[in-house]
Amino acid sequence: MMRITDHPVLGPLEKKEVTIQFNGVDYIGLENESIAATLLANGIRTLRYSEKEKEPRGIYCGIGHCYECRVTVNGERSVRACITPVEEQMIVESQGFQS
């Protein structure tokens, strides 16, 4: 897992772990971090595919402006992964074409 656990200014970053599911696979995240941060820490770069050209899309702006990181969360489409905190047993799915 790629994650900072000991920050040079903030010190040790100890948070409760939560399990989410992305496209049928379980991943570990940290309480109150975004879906995008959890997936990025677990090596996931592609969050969805564009509607027209079926091109992979991931985190772009990271602050909720661009909508590139839209995913389906617990059945709700077009949730922005970069500003939505993870919750225990959250089900997240890519939108669009999947290989």
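The legends below describe close-up views of a predicted model.

**View 1. The cysteine pair C61 and C66.** The structure contains zero disulfides, and the sulfur of C61 lies 3.7 Å from its closest cysteine sulfur, that of C66, which is too far for a bond because a disulfide calls for sulfur atoms within 2.5 Å. Seen from the other residue, the closest cysteine sulfur to that of C66 is in C61. Both residues can be described by their accessibility: C61 is partly exposed, with a relative accessible area of 31%, and C66 likewise counts as partly exposed, at 25% relative accessibility.

**View 2. The largest pocket and its lining.** The largest pocket, with a volume of about 190 Å³, is lined by M2, R3, I4, L13, K15, L30, E31, E33, A37, L40 and A41. Helix α1, which spans residues 35-41, gives the most to this lining, with three residues. Sorted by class, the lining comprises seven nonpolar and four charged residues, with no polar ones.

**View 3. The largest nonpolar core.** This core has 18 residues, and those with the most contacts inside it are I20, I35, L39, L47, V73, A81 and V92. Strand β3 (17-22), helix α1 and strand β7 (70-73) each supply at least two residues of the core.

**View 4. The surroundings of L47.** L47, one of the core residues with the most contacts inside the core, is shown here with its contacts, leaving aside neighbours within four places in sequence. The residues in contact with L47 are F22, L39, R57, G58, I59, C69, R70, V71, A81, S94 and Q95; among them, L39 and A81 also belong to the core residues with the most contacts inside it.

Technical notes:
Residues are numbered from 1 along each chain as its sequence is written. This is a predicted model: local features need pLDDT of at least 70, side-chain atom pairs count only at pLDDT 80 or more; totals for chains, interfaces and linings use all residues. Side-chain values use heavy atoms; hydrogens and water are left out. Buried means under 20% relative accessible area, exposed over 50%, partly exposed in between (1.4 Å probe, protein chains only). On a 1 Å grid over the protein atoms alone, a cavity is a set of points where a 1.4 Å probe fits but cannot get out, and a pocket is an open set with protein on both sides within 12 Å along at least five of seven lines; lining residues have an atom within 4 Å of a point. Grid points are joined across faces, edges and corners, and a volume is the space filled by probe spheres set on the points. Helices (H or I, at least four residues) and strands (E, at least two) are DSSP runs, numbered from the N terminus. Ala, Val, Leu, Ile, Met, Phe, Trp, Tyr, Cys and Pro count as nonpolar, Asp, Glu, Lys and Arg as charged, and the others, Gly among them, as polar. A nonpolar core is a set of buried Ala, Val, Leu, Ile, Met, Phe, Trp, Tyr and Cys residues joined through side-chain atoms within 4.5 Å. Contact means heavy atoms within 4.5 Å.
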